[in-house]
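Here is a short report on a two-chain model. Please look over the sequence and the structure before reading on.

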Amino acid sequence: MASNKKYWKSEAELNPNDSIVETLRQNEFVQEIPVDEFLGDKEQLSSTNTNRRDFLKYVGFSTAAAAMAACEGPVNKSIPYVIQPDNIVPGVANYYATTIANGFDFASILVKTREGRPIKIENNTDAKVNGAANARVQGSVLSLYDSTRLQGPLKDGEPVEWTTLDSDVKAKLNGLKASGKQIALLTQTYASPSTTKLISEFKEMYGEVNHVTYDAISEEAALSAFEAKYGERALADYNFEKADVIVSFGADFLADWQGGGYDSGYSKGRVPKNGKMSRHVQFEANMSLTGANADKRIPLTPMQQKVALAQLYAKLNGATTSGEIPDYAQRALENITEEIGKNKSAAVVVTGLQDENAQAVVLAINEMLGSKAFNATAPKYVRQGNVKNVNNLIADMKAGRVGALIMDGVNPVFTLPNAADFAEGIDKVDLSVAFSTNWNETTEIINYTAASNHYLESWGDTQIKKGNYSLTQPTIQELFDTRQFQTALLAWMESDKSYFDYIKETWETDVLGESDWNQALHDGVFVSGSSPEEEMGSMVETTLGNEEITADSVDIASAVQSLANATSGGGMELTLYSKVGMGDGQQAGNPWLQEFPDPITRVSWDNYVTVSKADAENLGFINENAANGGLDGSHAKLTVNGVTVDNVPVIIQPGQAPGSVGMALGYGRRVGMKPEMQTGVNAYPLYQGYNNVQSVTLEKSTGMHEFACMQLHNTLMGRGDIIKETTLEIFNTKDHAEWNEVPVVSLNHQEVPATTVDLWDSFDRSIGHHFNMSIDLNACTGCGACVVACVAENNVPVVGKEEVRRSRDMHWLRIDRYYSSEDTFEEDNIKKDEFDGLSGDKGSLAGFGELEHPATNPQVAFQPVMCQHCNHAPCETVCPVAATSHGRQGQNQMAYNRCVGTRYCANNCPYKVRRFNWFLYNNNDEFDYHMNNDLGKMVVNPDVNVRSRGVIEKCSMCIQKTQKTILDAKRDGREIKDGEFQTACSMACSNGAIVFGDINDEKSKIAELKESDRMYHLLEHVGTKPNVFYHVKVRNNNEA
Amino acid sequence: MKKVIYRNQISKVLGISLVVLLLFSISVFAQDEVATVAVQEETAADSSGDPVKGKTLFNQNCAACHALNRKMTGPALANVESRLSEEEGLDREWLYAWIKNSSGMIKDGDVYANKIYNEYNQALMTAFPTLSNTDIDDILAYTAAPPPAPVAAAEALIAEGDGGKSSGISNELILGALLIVFALLIMMLVLVQRTLKRIAIANGVELEREKAEKGLPIWKAFAQNQFLVLVFSIFLLLAAAYFAYGWMMQIGIDQGYAPIQPIHYSHKVHAGDNKIECKYCHSSARVSKHSGIPSLNVCMNCHKSIYEYQGNPEGPSQEDLANGYTNEFYTGEIKKLYKAVGWDEENQKYTGETQPVEWVRVHNLPDFAYFNHSQHVSVAGIECQTCHGPVEEMEILSQYSPLTMGWCINCHRETNVNVEDNEYYTKIHEELSKKYGVNQLTVAQMGGLECGKCHY
């Protein structure tokens, strides 16, 4: 029977006279077909020589030619060295110790080079301080091969020779000697003994030289407070391994707080040993990486944090102070006071508030406690920026008192909050030179752009911490006609020395003493004189003696008072922060880092303003999932002190303190960037007075923003067997069967442990190597260094924002972040277990709906997930062409050349770790990241295949690395020692969360970890028998 | 017919006389050479010392830096003694002192010693304190008059050279003669047949014509038999499939691929005639996945002093000559090397103007296959020839093995793992061999057939 249903195309059809309806009826296609564009031009059409028959001929010939060409192998040319360097053997990697010191990131690292090309960054385990490469440092090797790098010096944007630039600059500088105008050097933080010396010599030569150090993201308050107390402009060093109680007021010390590098010490203290682990309490506004790892996180606005800090100080001294904070915070403070009171020297307090008073109070508290984790005698030099000097310089520039401005490692026009003033000042400067690797906002408006070296092409030295020196050495010759700042200074000083000679001389006279230069260069690090650890020990002794020092009490008292009286200044409080992936924005052109998802929000390719759920409802902001699953967010307009930033996308962030918002700096670069990299919104204009806390008014603006999220589902839904959690108390007192339950399944109507039931027979895996990987959820901070290391090692392609939004990201290793729906994951589990029936109070229908929403201040857990290399792998059994198979050594192997792309395996994988190449990501200009140009391809690891379109790929457990280790041992004719087997992620993890090894070696660490009570497998009840195992996360909820 | 034979005879006579003429002329030159050698022998007779011993000593000690008639790292040494005494007034004692301790003399400020030191880029001559005065006498005797190659050998050489040439001529002659003989035979047969026919006709014998059968021609009969057609077409299809398959399976397999290289490098001369160990040049095969094309500085280790090709003492073989591989040709290739590496032969130094050589890669594995030379060369101890074939016999290198996966796998199935004196294998071999119940494990049993071992 014919249906009488009428299908409506649009509401316009209600009116039969509507012209649209008529057009729709007449035209087959709704949109007009641009036929006229190619057929309309009769003249052109008739004048072309190609008629239909010719066209068919061409098609036929070209098809035939292509077919013929495919039958014949290409002729490959091989060009050996004319004179082969002694230390390079084609096919064998060399490692060099060097140091990154770009003004934001300071780390001692190893660089892996192949045939003279740096291809990967690794941790320098010899380094005592900052020997761990974070995600940005891991990714920095790709910035070396950035195709947008400047390839030579420029004058007003036109290429010139270095000789021209040199002579022009020298002439100007010499001319300025007489004029009395100052020569200003505006540079990044170097912390370099040789550069400091060089600049002082430069001063001697040219007289009126004013060296101003500028940090894009300032630590001014901490530096000033430290200087006031200890007489040196530096930052106190902390060793969180030694702390039993860690209290942080807005300090994101697992990320970039005070130069970063604190996470490995922190993680060591977090793994329960002998029933003990550290307790970490975090007061903060934004949900930071550090807060996510805390045992207790108390959301407070920055103003409230100040008051809380003041109260803590008072409480520790048995006094009281004014100021109001919420009750829950008050209770937490009391607990903390008690906990600290139990063992004063094992506690440490830190703060990230850009407030000199707050910083001074924190220093005073740590002194007072005699904290073992606190070290002021051997401080860190990784931030040297001086806000006052920068402001003076800008004023001088505007007043025309600056004759020459030479910049290095900074992009003030982008990063200065008052960039307009700076740009105005530039006009009045006679000579402006900037050393930069890329064309940027600053190089756009100055006279001379000196194309600068990447740090992997440079010489340098750094004193990261007092007495801890490290060296930077080039690992590749300059790719372009570039020059580093110091070399240019030497040239302008008419010196014929190279900067290498200069460093060597400085070190031999000032640093090395009796030690050997070659050894120092080989190690990359050098510790001078008596060990600073010992010094610190003695310091603790002395301070312990007079515990009750409310020493410089006058200052501190007023500081505490002003903290206690802190006011928000009306409006909401904005906390500006830097992202783990982007930092201050120097590497905004780096596709690896752009695609690296934020550990908390899991958003890539963007920054945004984070708003609490309550505030979002008040202001009308929404987050919703579009039809393809992608997340959309409203736009907001932020106004700080009359400065407005519009169209900032909004993310509703669980755990964001109500009344506060957060936004990441470093995004929004536009000049000199590929279109794909021009992401996010620049937050620097809001960074007024170099203060990361601002009073802001938010308004909703029009339109929705499309986010590219790597994870769309945020809560664990009470599935406690995915991330197993327990508390320290239970962990210490109860049997592991209780807190690390083995799932049971039904066999013959009997409940039996899932591990005992199997569909398949098992192979004997006791012979040879059997690789396993251990991931300790207690040690993992979610920093993501492993993710970028994996990308670099395995040639993982960058797919771009659009593709990430379609959930087609290619990362072999992801770090899942879960929020709890109730206050804790435990409560989630209980809630789910208590579901009774479909509807009603405890109905699962409504209950599961509720579980989808994270709590206002949720617990957070991170879980790195890669291919679990199941011994009984579901993917292997469904592959129709046997492209994925199991190796005897435990690896689930993937033969790309065999794969036909059915994706059955990905569908059958319970862990969702298999990635499909939807496109050809290399040599494809549609993906203009780095694999489509010769320069960017230099970073490719030659030992790993670059995959093609239409195949599945996934973690191989770095089989190229295990194979190499085995081969090396075979060649030497020796057994393999524990620790030799490594994967890219296990090597990158300085926190010790990822451990890799051979479980058939009974003495190995991995074998020991596998026997641990905390060990569990992901989705154990599925029976996949994975070769990756996790360790139950233990939270220290022991409140005093 | 007679005429033809006659003409043939004429050409033969001409050819032979040409050969004789050539033979004669060459032996005349040879005699000249012998004469000059004799003269040199006479001049050398008056200096003491044994030039034959001297030659051996010279080759052992001096030849790395000196040649007789050519500047190398050090000056040319032909008639060095007489030259020195004539030009500089230095006697043999000075030479003894110089050879035994040149640096001492330079330090002591000897005028000529310093002059020569500065002239040759201040490269110190190695001191030879071990050489006795008699040894030096012998060497000087050799430099004064290099001993001739043994006369008998020289003559044999000449004779053989001639033989080669004359045989070349006779080959052509023989071929030509054979052709003519065949032509004659055919002509004779035709003539005989015609004569016989004529006789038969004359005798009135009826010639049996082939009976023009009125039956169907065979192809029509074939076309009408449907069964035959069917069978035949099935056969054709199968055969076509067979050959198509065979053809398609060889796509991408370049066995026998022997590209022409920018410099004619002969593995036969280097690895065969001169027995240079493969890994001397392909040194990275020991430690790396690549065997490595030697960098040009490796070539120069030898070719600094080997500036021309002297070939076999017997001279280029007939086959080489046929291919144009004369001594001059090879010497020309050495000059190409000098040009590429930027070696100034005249002044014995590098100019720094280099032109890297673009070799054509012979063995190409696809990118998705990982192969490691050191695993096979150093660990397994496999001879290069196992996969690369008799390289030492290849004038132009060609791909010997198919380099297909089947070929790899086959070898992994058949080859035993070399576990001797390798501690790495001790435990795993003991356990695995027990498990499989064998004395010697094959690579396959060790896990050498797993996909992930070569594809990642």
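Predicted model: local features only at pLDDT ≥ 70, side-chain atom pairs only at ≥ 80, totals over all residues.

## Helices over the sheet in chain A

Gln182(A) faces Val402(A) of β15(A), standing opposite to it.

## Domains of chain A

Chain A is split into five parts by the assignment: domain 1 (1-73), domain 2 (154-218 + 385-527), domain 3 (220-382 + 546-564), domain 4 (597-709) and domain 5 (725-1035). Between the C-alpha centres of domain 1 and domain 2 of chain A there are 60 Å.

## A helix pair in chain A

Helix α8 (residues 220-230) and helix α13 (residues 356-369) of chain A pack with their axes 8 Å apart. The angle is about 50°, so α8(A) and α13(A) are oblique to each other. The crossing of α8(A) past α13(A) is right-handed.

From α8(A), the contact draws on Ala221(A), Ala222(A), Ser224(A), Ala225(A), Phe226(A), Ala228(A) and Lys229(A). They meet Glu356(A), Gln359(A), Ala360(A) and Leu363(A) of α13(A). By class, this contact has seven nonpolar, two polar and two charged residues.

## Where the chains meet

Contacts between the chains involve 38 residues of chain A and 45 residues of chain B. On the chain A side, β1 (77-78) and α32 (959-972) each supply at least two residues. α32(A) gives the most, with six residues. By class, the side of chain A that touches chain B has 17 nonpolar, 15 polar and six charged residues.

Strand pairing also links the chains. β1(A) pairs with strand β3 of chain B, residues 359-360, in the antiparallel sense over two bridges. Lys77(A) stands opposite Val360(B) in β3(B).

## Domains of chain B

In chain B the assignment gives domain 1 (2-43 + 151-201), domain 2 (48-144), domain 3 (267-404) and domain 4 (405-456). The C-alpha centres of domain 3 and domain 4 of chain B are 32 Å apart. These two domains touch: nine residues of domain 3 of chain B are in contact with seven residues of domain 4 of chain B. On the domain 3 side of chain B, six of the residues touching domain 4 are nonpolar, three are polar and none is charged.

## A helix pair in chain B

Helix α13 (residues 296-303) and helix α15 (residues 327-341) of chain B have axes that come within 11 Å. They cross at roughly 130°, and α13(B) and α15(B) are therefore oblique to each other. α13(B) passes α15(B) in a left-handed crossing.

Leu296(B), Cys299(B), Met300(B) and His303(B) form the α13(B) side of the contact. Across from them, α15(B) contributes Ile334(B), Leu337(B), Ala340(B) and Val341(B). This contact of α13(B) with α15(B) has seven nonpolar residues, one polar residue and no charged residues.

Technical notes:
Residues numbered from 1 in each chain as written. Chains lettered and ligands numbered in written order. Domains from an automatic or database assignment. Axes fitted to C-alpha atoms, helices over the stretch in contact; angles between N-to-C directions. Helix = DSSP H or I, 4+ residues; strand = E, 2+ residues; numbered from the N terminus. Parallel < 35°, antiparallel > 145°, perpendicular 65-115°, else oblique. Left-handed = near helix turned anticlockwise from the far one by under 90°. Nonpolar A, V, L, I, M, F, W, Y, C, P; charged D, E, K, R; others polar. Pairing = 2+ DSSP bridges.
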